[in-house]
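Open the model in your viewer and keep the selection panel at hand. The stops below say what to select and what is there.

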Amino acid sequence: MSKNALIQFVEDQIVVKDFPKFRAGDTITVTYKIVEGQKERLQKFQGIVIKRSGQGKTGTFTIRKISNNIGVERCFPIASPMIENIEVNKFGAVRKSRIYYLRGLRGKKARIKEAKRKA
């Protein structure tokens, strides 16, 4: 089996759930599974999408939130079996696809206007 055939075989095995469309600037809530020993629990991570990269099964997205005055960023693969649900809370109106400038802003300056688009 050639290298390309093996890569194609592995990509065919990955199953991607149908999640709502979202992009940078949107506020979303990701519900994902956490496994601790024999126990499993669901945890929610709500924040602003600061980056989307890749397409299809290999895509990832990064979410940023402020927790106890500390910025927390988390990167999720779109095809992760640990992601249970993605819910879009607000659509943001931003003009860039990578909004890293939020890292330097605090309080009211870090707000993003709400867009008028629909799901």
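A residue counts as buried when its relative accessible area is under 20%. The model on screen is a predicted one.

**Stop one: Asp 26**

Select Asp 26, which sits in the loop between helix 1 (3-13) and strand 1. Is Asp 26 buried or exposed? Its relative accessibility is 0%, so Asp 26 counts as buried.

Now show the polar atoms around the side chain of Asp 26. A polar atom of this side chain lies 2.9 Å from the backbone nitrogen of Arg 23. The side chain of Asp 26 also reaches the backbone nitrogen of Gly 92, at 2.9 Å. Leaving aside residues up to four places away in sequence, Asp 26 touches Gly 47, Ile 48, Val 49, Lys 90, Phe 91, Gly 92 and Arg 117.

**Stop two: Phe 91**

From that list, select Phe 91, found in the segment after strand 5. Phe 91 counts as buried because its relative accessibility is 14%, and the cut-off is under 20%.

Switch to a cartoon view. In what order do the 5 strands of the open sheet stand? The order is 4-3-2-1-5, with antiparallel pairing. Strand 4 (70-77) and strand 5 (83-90) are at the edges; each has a single partner strand, so one side of each has no neighbour in the sheet. On average, neighbouring strands are turned by 40° against each other, direction ignored.

Next select strand 2 (residues 39-53) and strand 3 (residues 60-67), which run antiparallel and are joined by 5 bridges.

**Stop four: the cores**

Select Ile 28, Val 30, Phe 61, Phe 76 and Ile 86. These have the most contacts inside the largest nonpolar core, which has 15 residues. Strand 1 (27-36), strand 2, strand 3 and strand 5 each supply at least two residues of this core, and strand 1 gives the most, with 4 residues.

Centre the view on Val 30. With residues up to four places away in sequence not counted, Val 30 touches Gln 43, Lys 44, Phe 45, Phe 61, Ile 63, Phe 76, Ile 83, Asn 85 and Ile 86.

Finish with another core, which lies apart from the largest one and has 5 residues, among them Ile 48, Ile 50, Ile 99 and Ile 112. Ile 48 was also on the contact list of Asp 26.

How values were computed. Residues numbered from 1 in each chain as written. Predicted model: local features only at pLDDT ≥ 70, side-chain atom pairs only at ≥ 80, totals over all residues. Heavy atoms only, no water. Pairing = 2+ DSSP bridges. Axes fitted to C-alpha atoms, helices over the stretch in contact; angles between N-to-C directions. Core = buried A, V, L, I, M, F, W, Y, C linked by side-chain atoms within 4.5 Å. Buried < 20%, exposed > 50% of the residue type's maximum accessible area, 1.4 Å probe, protein only. Contact = heavy atoms within 4.5 Å. Polar contact = N/O pair within 3.5 Å; in protein donor to acceptor, adjacent residues only side chain to side chain.
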